[in-house]
Structures are given as C-alpha cells and as structure tokens.
Amino acid sequence: MATLDEERRHVERCRAGLRGMLDAARDNVIVGETVAADRYSAERLGRHLKSLAKELSEEPDGPPFFGRLDFGEGSAEHRGRSYHIGRRHIGERGGPPLVIDWRPPRPLRPP
C-alpha cells in the first residue's frame, strides 16, 4: 500500500506526464502541417491533431485520477500491481501508463 507522500509524488508525475503529452501533441500539429498526403487525408490528420492538442490543453486542474486498483499476491495476472484509474490516459514515453482511462475506447467514425 502506498503512503500519502508516494501518492503525492505520483500525482506530480501524472501532471508532468500530461504536460509532456500536451507538448508532444503541439509538436505533432507542427509536423502534421508538412505531411505528404492527399489533401483530404492531410486535412483529416490536421483536424485530429489539433483537436487532441486542444483537448489536452483544456484538461482541468483537478486530480488526474479518482481511484486505484491494488491486486494482492493471490491475483493470477496482476499479482502485486497497482493501477491508477482516471478519466484520461496519462503516460510517459516508453513507460507503462501512469493513469488508465476508465472509459471504453471510442468507436471509429466513418470518414
């Protein structure tokens, strides 16, 4: 079980991870402007990248997660692991997610 100080450090890691995701999304918007694709595909990609950057920039200041699942030693698949659950996936490059989004994946919309 994590201590209060460990949870506070995790909150700060989550906030830093979210800032990193926003910076990466903004960089992707810039890179996406020079993509080599047909006009329609480039426009769709641009809209998607801009909406992701906008969504991340409007993230509320509240806590990045609302719960934690702790698995005990008797768990078959997740023995001894903990997962923070929130309303948005938050990750660090190359690492496991800091927060797992509790919502199901969005269905793909037809073009």
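**The second largest pocket and beyond**

Guide: By class, the lining of the second largest pocket holds nine nonpolar, two polar and six charged residues; Ala, Val, Leu, Ile, Met, Phe, Trp, Tyr, Cys and Pro count as nonpolar, Asp, Glu, Lys and Arg as charged, and the others, Gly among them, as polar. The model is predicted, with pLDDT of at least 70 needed for local features and 80 or more for side-chain atom pairs, while totals for chains, interfaces and linings use all residues. Residues are numbered from 1 along each chain as its sequence is written, and side-chain values use heavy atoms, without hydrogens and water.

A pocket is an open set of points on a 1 Å grid over the protein atoms alone, where a 1.4 Å probe fits and protein lies on both sides within 12 Å along at least five of seven lines; lining residues have an atom within 4 Å of a point. The volume, about 320 Å³, is the space filled by probe spheres set on the points, which are joined across faces, edges and corners. Of the 17 lining residues, Leu-18, Glu-59, Pro-60, Asp-61 and Gly-62 lie nearest the centre. α1 and α2 are the elements that give two or more residues to this lining, and α1 has the largest share, four residues. Helices (H or I, at least four residues) and strands (E, at least two) are DSSP runs, numbered from the N terminus.

Beyond four places in sequence, the contacts of Val-99 (heavy atoms within 4.5 Å) include Cys-14, Pro-64, His-84 and Ile-90.

Rings of Phe, Tyr and Trp (its six-membered ring) pair if their centres lie within 6.5 Å; planes under 30 degrees apart are stacked, over 60 edge-to-face, the rest tilted. The count is two aromatic pairs. Phe-66 and Trp-102 have centres 6.4 Å apart and planes at 75 degrees, so they are edge-to-face. Phe-66 lies in the loop between α2 (39–57) and β1 (67–70), and Trp-102 in the segment after β3 (100–101), 36 residues apart. Phe-66 is exposed at 56% relative accessibility; exposed means over 50%, buried under 20% and partly exposed in between (1.4 Å probe, protein chains only). Phe-71 and Tyr-83 are also edge-to-face, with centres 5.9 Å apart and planes at 80 degrees.
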